Amino acid sequence: MQPEAIELVPQPLRCEPLDSDPFVLGARPAVLVGDTPDELAVGVLAADLLGRLTGRPVEVRGHGGALRGEDVLVFRLAADAAVPAPASTPAPDREAVTAQSYRLEVGPGRAQVSAPTTAGLVAGFLTFKQLLHAGADGVQRVPAVHVEDVPRYRWRGLSIDVARSFLTLEELKVVTSLMAQYKLNMLHLHLTDDQAWRLEMPSRPRLTREAAEGAVAGGRGGSLTVADLRELTTYAWARGVTIVPEIDLPGHINAALRAYPDLNPDGVAPPRYTGIEVGFSRLTAALPATRGFIQDVLGDMARLTAGPYVHVGGDEVLTMERAEYSELVGAAAQAVRAGGKTVVGWQEIAQMPLEPGTVVQVWDTRPSLAAVRDASRAGARLLMSPASRVYLDMKYDASTEAGLEWAGHVEVRDAYDWEPSTVVEGADPDAVIGVEAAVWSETLHDMDTLLAMLLPRLAAVAEVAWTVPERRSWEGFCARVARQPEFWDRAGFPWHPSAQVEWG
Ligand code: TNX
(Lines give C-alpha, C1' and ligand atoms only; values in the text may rest on other atoms or scores of the structure.)
Protein backbone atom coordinates (compact mmCIF):
# COMPACT_ATOMS: atom_id res chain seq x y z
CA MET A 1 0.00 0.00 0.00
CA GLN A 2 1.33 3.44 -1.02
CA PRO A 3 2.18 5.55 2.06
CA GLU A 4 0.04 8.69 2.12
CA ALA A 5 1.56 12.15 2.03
CA ILE A 6 1.89 13.43 5.59
CA GLU A 7 0.83 17.07 5.77
CA LEU A 8 1.48 18.63 9.15
CA VAL A 9 1.68 22.25 10.29
CA PRO A 10 4.04 22.93 11.93
CA GLN A 11 6.39 20.52 10.19
CA PRO A 12 7.79 18.05 12.75
CA LEU A 13 11.50 17.39 13.29
CA ARG A 14 11.30 13.84 11.95
CA CYS A 15 8.43 12.07 10.27
CA GLU A 16 8.55 8.72 8.53
CA PRO A 17 5.54 7.23 6.75
CA LEU A 18 5.34 3.50 7.47
CA ASP A 19 4.46 0.87 4.93
CA SER A 20 1.48 -0.61 6.73
CA ASP A 21 -2.26 -0.20 7.08
CA PRO A 22 -3.64 3.02 8.58
CA PHE A 23 -5.24 3.48 11.97
CA VAL A 24 -8.98 3.48 11.47
CA LEU A 25 -11.20 5.45 13.80
CA GLY A 26 -13.76 2.68 13.72
CA ALA A 27 -16.89 1.86 15.60
CA ARG A 28 -15.09 1.13 18.87
CA PRO A 29 -12.25 3.50 19.66
CA ALA A 30 -10.91 3.84 23.20
CA VAL A 31 -8.32 6.00 24.88
CA LEU A 32 -5.82 4.36 27.26
CA VAL A 33 -3.80 6.34 29.77
CA GLY A 34 -1.37 5.87 32.67
CA ASP A 35 -2.47 6.49 36.24
CA THR A 36 -1.51 10.15 36.81
CA PRO A 37 -4.12 12.93 36.89
CA ASP A 38 -2.27 14.73 34.09
CA GLU A 39 -2.50 11.73 31.78
CA LEU A 40 -6.15 11.41 32.62
CA ALA A 41 -6.68 15.07 31.69
CA VAL A 42 -5.06 14.55 28.28
CA GLY A 43 -7.04 11.34 27.81
CA VAL A 44 -10.32 13.09 28.54
CA LEU A 45 -9.47 15.87 26.08
CA ALA A 46 -8.65 13.31 23.40
CA ALA A 47 -11.76 11.24 24.08
CA ASP A 48 -13.91 14.36 23.90
CA LEU A 49 -12.52 15.36 20.49
CA LEU A 50 -12.68 11.83 19.08
CA GLY A 51 -16.19 11.46 20.43
CA ARG A 52 -17.26 14.58 18.60
CA LEU A 53 -15.69 13.33 15.36
CA THR A 54 -17.30 9.89 15.55
CA GLY A 55 -20.58 11.04 17.05
CA ARG A 56 -20.23 8.47 19.85
CA PRO A 57 -18.82 8.70 23.34
CA VAL A 58 -15.25 7.40 23.64
CA GLU A 59 -14.11 5.80 26.88
CA VAL A 60 -10.90 6.52 28.78
CA ARG A 61 -9.35 3.55 30.62
CA GLY A 62 -6.06 2.43 32.14
CA HIS A 63 -3.25 0.97 30.05
CA GLY A 64 -4.38 -2.62 30.54
CA GLY A 65 -8.00 -1.84 29.76
CA ALA A 66 -8.29 -2.43 26.02
CA LEU A 67 -11.15 -4.65 24.94
CA ARG A 68 -10.84 -7.00 22.04
CA GLY A 69 -11.42 -5.37 18.65
CA GLU A 70 -10.98 -1.85 19.90
CA ASP A 71 -8.88 0.72 18.09
CA VAL A 72 -6.84 2.29 20.86
CA LEU A 73 -5.12 5.62 21.25
CA VAL A 74 -2.53 5.17 24.01
CA PHE A 75 -0.87 7.93 26.04
CA ARG A 76 2.31 7.08 27.88
CA LEU A 77 4.14 9.51 30.14
CA ALA A 78 7.79 8.43 30.14
CA ALA A 79 11.08 10.24 30.66
CA ASP A 80 12.79 8.02 28.08
CA ALA A 81 10.39 9.24 25.37
CA ALA A 82 12.07 12.67 25.34
CA VAL A 83 13.44 13.84 21.99
CA PRO A 84 16.61 15.92 22.48
CA ALA A 85 16.44 19.61 21.56
CA PRO A 86 17.76 20.45 18.09
CA ALA A 87 21.08 22.30 17.66
CA SER A 88 19.30 25.56 16.76
CA THR A 89 17.48 25.71 20.11
CA PRO A 90 19.03 28.45 22.27
CA ALA A 91 21.26 26.90 24.94
CA PRO A 92 19.28 28.13 27.99
CA ASP A 93 16.09 26.50 26.66
CA ARG A 94 17.34 23.02 25.74
CA GLU A 95 15.74 21.38 28.75
CA ALA A 96 12.45 23.27 28.51
CA VAL A 97 12.12 22.42 24.84
CA THR A 98 12.94 18.74 25.36
CA ALA A 99 10.19 18.64 27.97
CA GLN A 100 7.68 19.62 25.24
CA SER A 101 8.78 16.83 22.88
CA TYR A 102 6.83 13.70 21.94
CA ARG A 103 6.89 10.53 19.87
CA LEU A 104 3.91 9.28 17.89
CA GLU A 105 3.63 5.77 16.48
CA VAL A 106 0.58 4.99 14.36
CA GLY A 107 -0.39 1.65 12.88
CA PRO A 108 -3.45 -0.54 12.41
CA GLY A 109 -5.52 -0.80 15.60
CA ARG A 110 -3.17 1.23 17.75
CA ALA A 111 -1.74 4.74 17.95
CA GLN A 112 0.62 5.66 20.76
CA VAL A 113 1.80 9.05 21.98
CA SER A 114 4.70 9.02 24.41
CA ALA A 115 6.27 12.08 25.96
CA PRO A 116 8.19 13.19 29.05
CA THR A 117 5.50 15.70 30.14
CA THR A 118 1.80 16.44 29.77
CA ALA A 119 2.63 19.27 27.37
CA GLY A 120 4.40 16.75 25.13
CA LEU A 121 1.42 14.37 25.27
CA VAL A 122 -0.90 17.20 24.22
CA ALA A 123 1.41 18.16 21.32
CA GLY A 124 1.54 14.54 20.19
CA PHE A 125 -2.21 14.20 20.33
CA LEU A 126 -2.67 17.36 18.26
CA THR A 127 -0.36 15.88 15.62
CA PHE A 128 -2.50 12.73 15.62
CA LYS A 129 -5.61 14.87 15.24
CA GLN A 130 -4.16 16.77 12.27
CA LEU A 131 -3.41 13.48 10.54
CA LEU A 132 -6.99 12.28 10.93
CA HIS A 133 -8.83 12.69 7.62
CA ALA A 134 -12.14 11.35 6.40
CA GLY A 135 -11.88 9.21 3.26
CA ALA A 136 -14.43 9.14 0.42
CA ASP A 137 -16.30 6.48 2.46
CA GLY A 138 -16.65 8.90 5.36
CA VAL A 139 -14.37 6.82 7.58
CA GLN A 140 -11.67 8.71 9.50
CA ARG A 141 -8.15 7.32 9.14
CA VAL A 142 -4.62 8.20 10.23
CA PRO A 143 -1.84 6.97 7.93
CA ALA A 144 0.75 4.66 9.51
CA VAL A 145 3.57 6.90 10.58
CA HIS A 146 6.40 7.38 13.05
CA VAL A 147 6.95 10.95 14.28
CA GLU A 148 9.69 12.26 16.59
CA ASP A 149 9.16 15.90 17.34
CA VAL A 150 10.49 18.72 19.49
CA PRO A 151 10.07 22.48 19.13
CA ARG A 152 12.91 24.82 18.24
CA TYR A 153 11.71 27.58 20.61
CA ARG A 154 10.15 27.27 24.03
CA TRP A 155 7.95 30.40 23.59
CA ARG A 156 5.47 30.21 20.73
CA GLY A 157 2.95 32.92 21.40
CA LEU A 158 -0.07 34.83 20.30
CA SER A 159 -0.89 38.23 21.79
CA ILE A 160 -4.53 39.24 21.79
CA ASP A 161 -5.66 42.83 22.39
CA VAL A 162 -8.87 42.56 24.38
CA ALA A 163 -8.57 46.21 25.47
CA ARG A 164 -9.47 48.05 22.26
CA SER A 165 -12.29 45.59 21.63
CA PHE A 166 -13.33 42.85 24.05
CA LEU A 167 -13.45 39.09 23.56
CA THR A 168 -15.55 37.02 25.94
CA LEU A 169 -14.28 34.05 27.93
CA GLU A 170 -15.91 31.66 25.43
CA GLU A 171 -14.28 33.46 22.49
CA LEU A 172 -10.89 33.34 24.19
CA LYS A 173 -11.34 29.59 24.58
CA VAL A 174 -11.87 29.30 20.83
CA VAL A 175 -8.67 31.28 20.22
CA THR A 176 -6.84 29.05 22.72
CA SER A 177 -7.86 25.82 21.04
CA LEU A 178 -6.89 27.24 17.66
CA MET A 179 -3.47 28.08 19.09
CA ALA A 180 -3.12 24.56 20.45
CA GLN A 181 -3.92 23.12 17.03
CA TYR A 182 -0.69 24.73 15.77
CA LYS A 183 1.29 23.98 18.95
CA LEU A 184 1.41 27.59 20.08
CA ASN A 185 1.86 27.57 23.85
CA MET A 186 1.76 31.16 25.19
CA LEU A 187 -1.43 33.25 25.16
CA HIS A 188 -0.54 36.87 25.90
CA LEU A 189 -3.56 38.95 26.94
CA HIS A 190 -3.25 42.72 26.47
CA LEU A 191 -5.75 43.51 29.23
CA THR A 192 -5.48 47.26 29.66
CA ASP A 193 -5.12 50.31 27.46
CA ASP A 194 -6.40 53.85 26.99
CA GLN A 195 -9.85 52.62 26.00
CA ALA A 196 -10.59 50.13 28.80
CA TRP A 197 -9.47 47.93 31.70
CA ARG A 198 -10.56 44.30 31.14
CA LEU A 199 -9.60 42.27 34.22
CA GLU A 200 -11.09 42.53 37.68
CA MET A 201 -8.40 43.63 40.16
CA PRO A 202 -9.24 42.67 43.76
CA SER A 203 -7.24 45.56 45.21
CA ARG A 204 -8.62 48.14 42.76
CA PRO A 205 -12.28 47.34 42.07
CA ARG A 206 -12.98 50.69 40.41
CA LEU A 207 -10.88 49.71 37.38
CA THR A 208 -13.48 47.36 35.96
CA ARG A 209 -16.42 49.14 37.61
CA GLU A 210 -15.59 52.46 35.94
CA ALA A 211 -13.51 51.55 32.90
CA ALA A 212 -14.59 48.16 31.52
CA GLU A 213 -17.31 49.33 29.18
CA GLY A 214 -15.06 51.46 26.98
CA ALA A 215 -13.73 50.36 23.61
CA VAL A 216 -12.53 51.78 20.33
CA ALA A 217 -15.50 53.29 18.46
CA GLY A 218 -17.40 50.35 16.99
CA GLY A 219 -15.66 47.88 19.31
CA ARG A 220 -17.07 45.89 22.22
CA GLY A 221 -16.90 46.56 25.95
CA GLY A 222 -16.75 44.03 28.78
CA SER A 223 -14.38 42.50 31.28
CA LEU A 224 -13.16 39.23 32.76
CA THR A 225 -13.64 38.34 36.40
CA VAL A 226 -10.98 36.63 38.46
CA ALA A 227 -13.03 33.44 38.13
CA ASP A 228 -13.08 33.85 34.33
CA LEU A 229 -9.29 34.07 34.28
CA ARG A 230 -9.05 30.94 36.41
CA GLU A 231 -11.39 29.06 34.07
CA LEU A 232 -9.45 30.19 30.99
CA THR A 233 -6.19 29.18 32.69
CA THR A 234 -7.42 25.63 33.28
CA TYR A 235 -8.85 25.35 29.78
CA ALA A 236 -5.53 26.56 28.35
CA TRP A 237 -3.43 24.31 30.60
CA ALA A 238 -5.26 21.23 29.33
CA ARG A 239 -4.21 22.28 25.81
CA GLY A 240 -0.58 23.00 26.67
CA VAL A 241 -1.09 26.78 26.72
CA THR A 242 0.16 29.19 29.41
CA ILE A 243 -1.39 32.63 29.90
CA VAL A 244 0.80 35.76 30.01
CA PRO A 245 -1.25 38.70 31.31
CA GLU A 246 -0.22 42.25 30.42
CA ILE A 247 -0.89 45.41 32.36
CA ASP A 248 0.41 48.18 30.14
CA LEU A 249 2.06 51.17 31.82
CA PRO A 250 3.28 53.91 32.26
CA GLY A 251 1.59 54.89 28.96
CA HIS A 252 -1.60 53.39 27.45
CA ILE A 253 -3.17 54.14 30.82
CA ASN A 254 -6.16 56.44 30.22
CA ALA A 255 -8.66 53.86 31.50
CA ALA A 256 -6.94 53.74 34.89
CA LEU A 257 -6.68 57.54 35.03
CA ARG A 258 -10.47 57.62 34.64
CA ALA A 259 -11.11 55.10 37.41
CA TYR A 260 -8.67 56.67 39.91
CA PRO A 261 -8.61 60.47 39.53
CA ASP A 262 -5.77 60.77 42.07
CA LEU A 263 -3.45 59.37 39.38
CA ASN A 264 -3.87 62.69 37.50
CA PRO A 265 -1.80 65.80 38.36
CA ASP A 266 -4.98 67.93 38.42
CA GLY A 267 -6.98 65.26 40.25
CA VAL A 268 -9.57 65.24 37.48
CA ALA A 269 -10.56 62.06 35.66
CA PRO A 270 -10.02 62.42 31.89
CA PRO A 271 -12.85 61.58 29.48
CA ARG A 272 -13.41 58.15 27.98
CA TYR A 273 -11.22 57.54 24.94
CA THR A 274 -12.55 55.76 21.84
CA GLY A 275 -9.94 56.78 19.25
CA ILE A 276 -6.90 54.86 18.02
CA GLU A 277 -4.06 57.30 18.69
CA VAL A 278 -1.33 56.13 21.08
CA GLY A 279 1.20 57.74 23.38
CA PHE A 280 -0.84 60.56 24.97
CA SER A 281 -1.68 59.18 28.43
CA ARG A 282 0.78 58.57 31.26
CA LEU A 283 1.30 57.90 34.91
CA THR A 284 3.18 60.56 36.88
CA ALA A 285 6.02 59.42 39.16
CA ALA A 286 5.83 62.53 41.38
CA LEU A 287 2.22 61.90 42.47
CA PRO A 288 1.77 60.19 45.86
CA ALA A 289 -0.88 57.78 44.53
CA THR A 290 1.21 56.38 41.68
CA ARG A 291 3.51 53.94 43.53
CA GLY A 292 0.68 52.34 45.45
CA PHE A 293 -1.32 51.91 42.27
CA ILE A 294 1.54 50.15 40.49
CA GLN A 295 2.20 47.88 43.47
CA ASP A 296 -1.49 47.04 43.83
CA VAL A 297 -2.22 46.09 40.23
CA LEU A 298 1.02 44.26 39.52
CA GLY A 299 0.91 42.56 42.91
CA ASP A 300 -2.62 41.39 42.10
CA MET A 301 -1.56 40.28 38.64
CA ALA A 302 1.41 38.26 39.91
CA ARG A 303 -0.88 36.57 42.45
CA LEU A 304 -3.72 35.89 40.00
CA THR A 305 -1.70 34.40 37.16
CA ALA A 306 -0.74 30.74 37.31
CA GLY A 307 2.06 31.06 34.77
CA PRO A 308 5.60 32.31 35.42
CA TYR A 309 5.37 35.62 33.49
CA VAL A 310 3.74 39.03 33.89
CA HIS A 311 3.99 41.59 31.07
CA VAL A 312 4.35 45.22 32.19
CA GLY A 313 3.98 46.89 28.76
CA GLY A 314 6.29 49.88 28.68
CA ASP A 315 5.60 50.78 25.05
CA GLU A 316 5.07 54.06 23.26
CA VAL A 317 5.37 56.57 26.08
CA LEU A 318 5.92 59.63 23.98
CA THR A 319 5.77 62.30 26.67
CA MET A 320 8.21 61.22 29.39
CA GLU A 321 11.89 61.70 30.23
CA ARG A 322 13.94 58.57 30.56
CA ALA A 323 14.49 58.90 34.34
CA GLU A 324 10.78 58.99 35.12
CA TYR A 325 10.12 56.13 32.69
CA SER A 326 12.79 54.00 34.38
CA GLU A 327 11.39 54.78 37.80
CA LEU A 328 7.84 53.75 36.85
CA VAL A 329 8.71 50.63 34.84
CA GLY A 330 11.25 49.75 37.54
CA ALA A 331 8.50 49.87 40.16
CA ALA A 332 6.30 47.65 38.03
CA ALA A 333 9.14 45.16 37.48
CA GLN A 334 9.91 45.11 41.19
CA ALA A 335 6.28 44.34 42.05
CA VAL A 336 6.26 41.48 39.53
CA ARG A 337 9.46 40.02 40.91
CA ALA A 338 8.24 40.40 44.48
CA GLY A 339 5.29 38.26 43.40
CA GLY A 340 7.71 35.58 42.21
CA LYS A 341 7.20 36.13 38.48
CA THR A 342 9.45 36.96 35.54
CA VAL A 343 9.07 40.38 33.89
CA VAL A 344 8.17 40.77 30.22
CA GLY A 345 8.06 44.18 28.52
CA TRP A 346 7.94 45.75 25.06
CA GLN A 347 11.30 46.65 23.49
CA GLU A 348 11.31 50.17 24.96
CA ILE A 349 12.24 48.70 28.37
CA ALA A 350 15.68 47.83 26.97
CA GLN A 351 16.61 51.50 27.48
CA MET A 352 16.77 50.96 31.23
CA PRO A 353 18.88 48.50 33.27
CA LEU A 354 17.20 45.05 33.34
CA GLU A 355 17.56 42.06 35.60
CA PRO A 356 19.01 39.04 33.73
CA GLY A 357 16.22 36.82 32.44
CA THR A 358 13.83 39.71 31.76
CA VAL A 359 11.99 39.11 28.48
CA VAL A 360 12.14 41.97 25.96
CA GLN A 361 9.48 41.76 23.25
CA VAL A 362 10.76 43.20 19.97
CA TRP A 363 8.01 44.73 17.80
CA ASP A 364 9.23 47.80 15.89
CA THR A 365 12.23 47.20 13.64
CA ARG A 366 12.28 50.75 12.20
CA PRO A 367 14.32 52.49 14.96
CA SER A 368 17.81 51.42 16.01
CA LEU A 369 17.74 48.22 18.07
CA ALA A 370 21.18 48.83 19.60
CA ALA A 371 19.73 49.02 23.13
CA VAL A 372 17.92 45.70 22.60
CA ARG A 373 21.12 44.14 21.27
CA ASP A 374 23.03 45.35 24.32
CA ALA A 375 20.33 44.13 26.70
CA SER A 376 20.52 40.66 25.09
CA ARG A 377 24.27 40.63 25.69
CA ALA A 378 23.66 41.57 29.32
CA GLY A 379 21.32 38.64 29.99
CA ALA A 380 17.88 39.72 28.77
CA ARG A 381 15.88 37.26 26.65
CA LEU A 382 14.34 38.40 23.35
CA LEU A 383 10.84 37.55 22.19
CA MET A 384 10.50 38.19 18.46
CA SER A 385 7.35 39.95 17.25
CA PRO A 386 8.53 42.06 14.32
CA ALA A 387 5.41 43.93 13.19
CA SER A 388 6.21 43.62 9.47
CA ARG A 389 6.09 39.80 9.89
CA VAL A 390 3.79 38.82 12.71
CA TYR A 391 1.43 41.72 13.45
CA LEU A 392 -1.60 39.92 12.16
CA ASP A 393 -3.74 43.04 12.48
CA MET A 394 -1.90 44.31 9.38
CA LYS A 395 -3.84 43.95 6.13
CA TYR A 396 -2.77 41.10 3.83
CA ASP A 397 -2.90 43.52 0.89
CA ALA A 398 -4.62 46.74 -0.14
CA SER A 399 -7.93 44.94 -0.64
CA THR A 400 -8.18 43.54 2.92
CA GLU A 401 -11.16 45.26 4.53
CA ALA A 402 -10.18 45.30 8.19
CA GLY A 403 -6.74 45.94 9.59
CA LEU A 404 -4.06 48.59 9.82
CA GLU A 405 -1.15 49.31 7.49
CA TRP A 406 1.46 51.16 9.54
CA ALA A 407 3.92 48.24 9.35
CA GLY A 408 3.06 47.52 5.71
CA HIS A 409 1.03 44.67 4.29
CA VAL A 410 1.72 41.24 5.77
CA GLU A 411 1.04 38.51 3.24
CA VAL A 412 1.29 34.82 4.19
CA ARG A 413 4.81 34.60 2.81
CA ASP A 414 5.92 37.63 4.84
CA ALA A 415 4.68 35.91 7.98
CA TYR A 416 6.51 32.71 7.00
CA ASP A 417 9.80 33.62 5.36
CA TRP A 418 11.95 35.10 8.11
CA GLU A 419 14.51 33.99 10.65
CA PRO A 420 14.02 34.98 14.32
CA SER A 421 17.72 34.94 15.24
CA THR A 422 18.61 37.70 12.75
CA VAL A 423 15.87 40.24 13.57
CA VAL A 424 18.13 42.17 15.95
CA GLU A 425 21.53 42.72 14.38
CA GLY A 426 24.37 41.66 16.63
CA ALA A 427 22.12 40.10 19.27
CA ASP A 428 23.16 36.83 20.87
CA PRO A 429 21.15 34.07 19.09
CA ASP A 430 21.03 32.19 22.40
CA ALA A 431 19.06 35.13 23.83
CA VAL A 432 16.04 34.45 21.59
CA ILE A 433 13.35 32.83 23.73
CA GLY A 434 10.86 32.54 20.91
CA VAL A 435 8.34 34.08 18.56
CA GLU A 436 4.97 35.72 19.19
CA ALA A 437 2.30 36.86 16.74
CA ALA A 438 0.07 39.78 17.77
CA VAL A 439 -3.38 40.98 16.83
CA TRP A 440 -4.41 44.47 17.89
CA SER A 441 -8.11 45.10 17.81
CA GLU A 442 -8.52 48.74 16.76
CA THR A 443 -10.27 47.50 13.60
CA LEU A 444 -11.09 43.90 14.56
CA HIS A 445 -14.36 43.95 16.47
CA ASP A 446 -15.73 40.42 16.19
CA MET A 447 -14.48 36.84 16.06
CA ASP A 448 -15.10 36.35 12.35
CA THR A 449 -12.97 39.35 11.40
CA LEU A 450 -10.28 38.26 13.86
CA LEU A 451 -10.21 34.68 12.57
CA ALA A 452 -9.85 35.77 8.94
CA MET A 453 -6.80 37.79 9.99
CA LEU A 454 -5.33 34.80 11.89
CA LEU A 455 -5.95 32.17 9.21
CA PRO A 456 -3.76 31.21 7.48
CA ARG A 457 -1.04 33.52 8.87
CA LEU A 458 -1.12 32.11 12.40
CA ALA A 459 -0.15 28.71 10.98
CA ALA A 460 2.82 30.34 9.22
CA VAL A 461 4.07 32.00 12.41
CA ALA A 462 3.59 28.77 14.35
CA GLU A 463 5.90 26.97 11.96
CA VAL A 464 8.55 29.71 12.29
CA ALA A 465 8.43 29.18 16.05
CA TRP A 466 8.32 25.36 16.12
CA THR A 467 10.25 24.02 13.14
CA VAL A 468 14.03 24.04 12.75
CA PRO A 469 15.28 26.09 9.77
CA GLU A 470 16.52 23.05 7.85
CA ARG A 471 12.98 21.57 7.86
CA ARG A 472 11.28 24.76 6.67
CA SER A 473 10.58 25.90 3.11
CA TRP A 474 7.94 28.23 1.68
CA GLU A 475 6.97 25.71 -1.03
CA GLY A 476 6.67 22.92 1.51
CA PHE A 477 4.59 25.09 3.81
CA CYS A 478 2.25 26.04 0.95
CA ALA A 479 1.64 22.40 0.09
CA ARG A 480 0.89 21.51 3.71
CA VAL A 481 -1.17 24.57 4.71
CA ALA A 482 -3.36 24.01 1.64
CA ARG A 483 -4.91 21.07 3.51
CA GLN A 484 -5.79 23.08 6.62
CA PRO A 485 -9.09 24.61 5.39
CA GLU A 486 -10.65 21.20 6.03
CA PHE A 487 -10.29 21.93 9.77
CA TRP A 488 -11.20 25.60 9.53
CA ASP A 489 -14.33 24.90 7.51
CA ARG A 490 -15.40 22.13 9.87
CA ALA A 491 -15.08 24.55 12.80
CA GLY A 492 -16.88 27.28 10.87
CA PHE A 493 -13.82 29.58 10.96
CA PRO A 494 -13.61 32.22 8.24
CA TRP A 495 -10.14 32.32 6.61
CA HIS A 496 -8.38 34.42 4.00
CA PRO A 497 -7.86 32.56 0.68
CA SER A 498 -4.52 34.24 -0.03
CA ALA A 499 -3.54 34.05 -3.71
CA GLN A 500 -0.03 33.06 -2.60
CA VAL A 501 -1.22 29.54 -1.75
CA GLU A 502 -2.80 27.06 -4.17
CA TRP A 503 -5.71 25.91 -2.03
CA GLY A 504 -6.55 22.25 -2.68
C1 TNX B 1 1.55 49.39 18.12
S2 TNX B 1 2.91 47.13 19.44
C3 TNX B 1 1.19 49.26 19.44
C4 TNX B 1 -0.22 49.08 19.81
C5 TNX B 1 -1.12 49.22 18.61
C6 TNX B 1 -0.51 48.50 17.42
C7 TNX B 1 -1.37 48.48 16.21
C8 TNX B 1 2.91 48.07 20.55
C9 TNX B 1 3.81 47.74 21.61
N10 TNX B 1 2.10 49.12 20.48
O11 TNX B 1 -0.58 50.00 20.80
O12 TNX B 1 -2.34 48.66 18.94
O13 TNX B 1 0.70 49.10 17.11
O14 TNX B 1 -0.84 47.68 15.20
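This is a predicted model: local features need pLDDT of at least 70, side-chain atom pairs count only at pLDDT 80 or more; totals for chains, interfaces and linings use all residues.
Trainee: Which residue in S10 is the bridge partner of Val106?
Mentor: In S10, Val106 has Val145 as its bridge partner.

Trainee: What do S6 and S7 form, and which residue in the turn has a positive phi?
Mentor: They form a hairpin, with two residues between the strands. Gly109 in the turn has the positive phi, about 85°.

Trainee: Changing topic. How confident is the model?
Mentor: The protein chain has a mean pLDDT of 96, and 99% of its residues reach 70 or more. The scores for the model are ipTM 0.93 and pTM 0.97.

Trainee: Where is confidence lowest in the protein chain, and where highest?
Mentor: Lowest is strand S8 (residues 133-134), with a mean of 90, and highest is strand S12 (residues 186-190), at 99.

Trainee: What does S8 pair with?
Mentor: Two bridges join S8 to strand S9 (residues 140-142), and the two run antiparallel. His133 stands opposite Arg141 in S9.

Trainee: Which strands are in that sheet, and in what order?
Mentor: The sheet is open and has three strands in the order S2-S9-S8, with antiparallel pairing. Strand S2 (23-25) and S8 are the edge strands, each pairing on one side only.

Trainee: Now Thr127. Where is its place, and is it buried or exposed?
Mentor: Thr127 is in helix H3 (residues 118-131). Thr127 counts as buried because 23 other C-beta atoms lie within 10 Å, and the cut-off for buried is 20 or more.

Trainee: How far is the C-alpha atom of Thr127 from that of Ala180?
Mentor: They are separated by 10 Å, although the two residues are 53 residues apart along the chain.

Trainee: How many helices and strands does the protein chain have?
Mentor: There are 16 helices and 18 strands. Buried residues make up 49% of the 504 residues.

Trainee: What about the radius of gyration?
Mentor: The protein chain has 23 Å. A compact globule with 504 residues would be near 23 Å, so the value agrees. Along the principal axes, the C-alpha atoms fill a box of roughly 75 × 45 × 45 Å.

Trainee: On to S16. Which way do its residues point?
Mentor: In strand S16 (residues 359-362), Val359 and Gln361 point one way, while Val360 and Val362 point the other way. All of them are buried.

Trainee: What pairs with S16?
Mentor: Strand S15 (residues 342-346) pairs with S16 in the parallel sense over three bridges, and Val344 has Val359 as its bridge partner. Strand S17 (residues 381-384) is joined to S16 by four bridges, also running parallel. There, Val360 stands opposite Leu382.

Trainee: Last one. Which residues are around the ligand?
Mentor: They are Val278, Asp315, Glu316, Trp346, Trp363, Tyr391, Asp393, Leu404, Trp440 and Glu442.

Trainee: And by class?
Mentor: The shell has six nonpolar and four charged residues, and no polar ones.

Notes: Residues are numbered from 1 along each chain as its sequence is written. A residue is buried if 20 or more other C-beta atoms lie within 10 Å of its own, exposed if 12 or fewer, and partly exposed in between; C-beta atoms are placed from the backbone. Two strands pair if DSSP finds at least two bridges between them. A residue is near a molecule or strand if its C-beta atom, placed from the backbone, lies within 6 Å of it. Ala, Val, Leu, Ile, Met, Phe, Trp, Tyr, Cys and Pro count as nonpolar, Asp, Glu, Lys and Arg as charged, and the others, Gly among them, as polar. pLDDT is the predictor's confidence in each residue, from 0 to 100. The radius of gyration is taken over C-alpha atoms; the globule rule is 2.2 Å times the number of residues to the power 0.38.
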